[in-house]
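Good morning, colleagues. Please bring up the structure, and I shall take you through the contact between the chains and then through a sheet.

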Amino acid sequence: MELLRFSTAGSVDDGKSTLIGRLLYDSKSIFQDQLDALEAYSNQKGYGVVDLALLTDGLRAEREQGITIDVAYRYFATPKRKFIIADTPGHIQYTRNMVTGSSNSNLSLILIDARNGIVEQTNRHSFIASLLNIAHLVVCVNKMDLVGYDENKFNEIVDGYKVLASKLDIKDVTFIPISALNGDNVVDRSTNMSWYNGPTLMYLLEHVHLSSDINHIDGRFPVQYVIRPKEDRYHDYRGYAGRVASGIFRVGDKVMVLPSGFTSTIKSIDSYDKTMEECFAPQSVTIVLNDDIDISRGDMIVRENNVPQSSQDLEMMMCWFGDTPMQPNGRYILRHTTKESKCVIKDIRYRIDVNTYHRNEEEKQIKMNDICRVHVRTQVPIFFDSYRKNRITGSVILIDEATNNTVAAGMIM
Amino acid sequence: MQLYNLDHLRDLEAESIYIIRETAAQFERPALLFSGGKDSIVMSHMARKAFYPAKIPFPCVHIDTGHNFPETIEYRDMWMKEIGANLIVGHVQDSIDTGRVKEEKGPNASRNALQTVTLLDTIAANKFDACMGGARRDEEKARAKERIFSHRDEFGQWDPKNQRPELWMLLNGKKSVGENFRVFPISNWTEMDVWMYIVAENIPIPSIYFSHQREVIDRDGMMLATSDFIIPGPNEMPRKEIVRYRTVGDMTCTGAVFSTASTLQEVIDEISASRTTERGTRSDDKRSEAAMEDRKKAGYF
């Protein structure tokens, strides 16, 4: 069974929580005691019906405000697939949560209220999905029941969205007319929209093609931990533990270790109960080399004939998360795979308006939730691929040295 | 053509091993919180895998309420030997004896809340800077929002509104003096994943997960085993039932379920058909709608 990670985004009232509640409910992923707790709460509040949205509104603070305030993860499974939902809030001040929730997703689900059509939030969510290079996009036009299940209304929104998408780097979009409240086209096919012949949302989630989402070409193995058993029988054992970021490594492969540039061949690929002939992303394994080379955490083992770029000067798109604005020429810690380096933000190339996609080259003030392109200079060389090619070796976070907070996410160009 | 696809269990395992290794690499004094329950068993099994052929480079910590099922303690000692881990035990009884906590009174007295103090004291005494726990996000609403590397302030407290963004798998374990982290390597597993993995890896588990006969009473909608700590009240008639446990917790707050499931496959079949979550058998979560959120803020597991 495969695992699909997807994220949801929507405005405050377009029914995102209800949709997730519906997916969980109709796929029978909600247990009786959860329903009992929901019913009790709904009755106490005098809602009349069970509010499915309450299933995903976790924290008490949210219940009081009636909005989702942070990324919440949900789990359900069907006989075909297992799903992890990163449920992210849609309101303005929480762009950072959307970027966070989308970072590990294969698919992004964007909700549009059929009555309102495309709104500013739609632009922003689509931009972020494109920025984070999410392979599949599903646009659910929700609340079709409130527009009389009108086909023209749906087509109008689809056409509008296609114009929007043409300005972005989006590969695969599917449009589905739904009513999360009534369950139309969520799990079960709607009897109210016979004009729609496409898949239901659940069918799409179960069948969207995933294996091509992983880079199996460029062999990249960031070393996480060096394993040196303190037992006599393993006296000479030096294993390099890590998770394959991309590509495939086989016993006997010629490899190069960065930054030293020394070459060797793979002696064995070990996991606890077996030695393996090959390993591939995203497996966690231990690699042993035939030569005694000094390797430590932060180094990268790559295929000799396919090496990543190496530079101290990185151009990247950056989403700012910090409470305090980005400091021009500010110094931060950059974390890239298992490596860390001090860095300085040399230049802000432009700030991008996520609603209009306009690039403002004059704007040098970068605040929380802003997205910009920057030039970052690192203290030591970083071995990277472009984010479009490789999500793992193309992504970084910035950490504020004073507060230790994660203040930015970067995608290397 | 060879397909380079990982089955969902192997995908989850690879992620968890990555997190466990990252914890060992980023922290000076990590520890693994071991309850004797299936989640911490699976986590410790993967810790063994993560560093093989070396030994697990951190100790396992058990907070013993003194009200544990004897089967749990027996299992714990066997399993620690099996995986070759060092065990550190923090006793709630010690916290009571030294006046750090006051024991609850009455028939529903539980040491569950007291564990938090013992846990924080044990962390402080051993200067642990990262404690791995077997919590899963599917268990409970507050847990659904917690990060994998979850920051605790110098009072051991969690601030749900001020969590660090966590992107890709770039985990940020930086901290100031006195602060520490809780790390949740199996955040993305569900109850079913854990069971399927136990089968796939043939991992031994405590006997109370399987069907057995036990003397129980009904209390607050749960079947509690009679013991030195659960004394039947005047209207509570002890009776013998064929039961098993879905979670391993304190005897005072962990309810049994009727079950004849005596093999792993039967347990899985039973869970598949079940209509209640495993936490439905825990009275500590039923005390209020936001019970877990409050306990987590205070520094609970």
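Buried area, as I use the term, is the accessible area, taken with a 1.4 Å probe, that two parts lose on being put together, summed over both. The model before you is predicted. In that sense, chain A and chain B bury about 6400 Å² between them, and carbon and sulfur atoms account for 55% of this area. To the contact, chain A contributes 83 residues and chain B contributes 62 residues.

The rule finds 6 salt bridges across the interface of chain A and chain B. One of the salt bridges joins Glu22(B) to Arg297(A), with 2.6 Å between the closest N and O atoms. Helix α3 of chain A, residues 60–65, supplies the largest share of the side of chain A that touches chain B, namely 5 residues. By class, that side of chain A holds 35 nonpolar, 26 polar and 22 charged residues.

I now move to the sheet in chain B. Here 6 strands form an open, mixed sheet, in the order β3-β2-β1-β4-β6-β5. Its edge strands are β3 (87–91) and β5 (149–152) of chain B, each pairing on one side only. From one strand to the next, the twist averages 30 degrees.

Strand β2 of chain B, residues 60–64, pairs with β3(B) in the parallel sense over 5 bridges. Within this part of the sheet, His62(B) has Val89(B) in β3(B) as its bridge partner.

Finally, which strands does helix α2 of chain B touch as it packs on the sheet? Helix α2 (residues 38–51) touches β1 (30–33) and β4 (130–132) of chain B, and its direction makes about 140 degrees with that of β1(B).

Definitions and conventions: Residues numbered from 1 in each chain as written. Chains lettered and ligands numbered in written order. Predicted model: local features only at pLDDT ≥ 70, side-chain atom pairs only at ≥ 80, totals over all residues. Heavy atoms only, no water. Contact = heavy atoms within 4.5 Å. Salt bridge = Lys/Arg side-chain N within 4 Å of Asp/Glu carboxyl O. Helix = DSSP H or I, 4+ residues; strand = E, 2+ residues; numbered from the N terminus. Nonpolar A, V, L, I, M, F, W, Y, C, P; charged D, E, K, R; others polar. Pairing = 2+ DSSP bridges. Axes fitted to C-alpha atoms, helices over the stretch in contact; angles between N-to-C directions.
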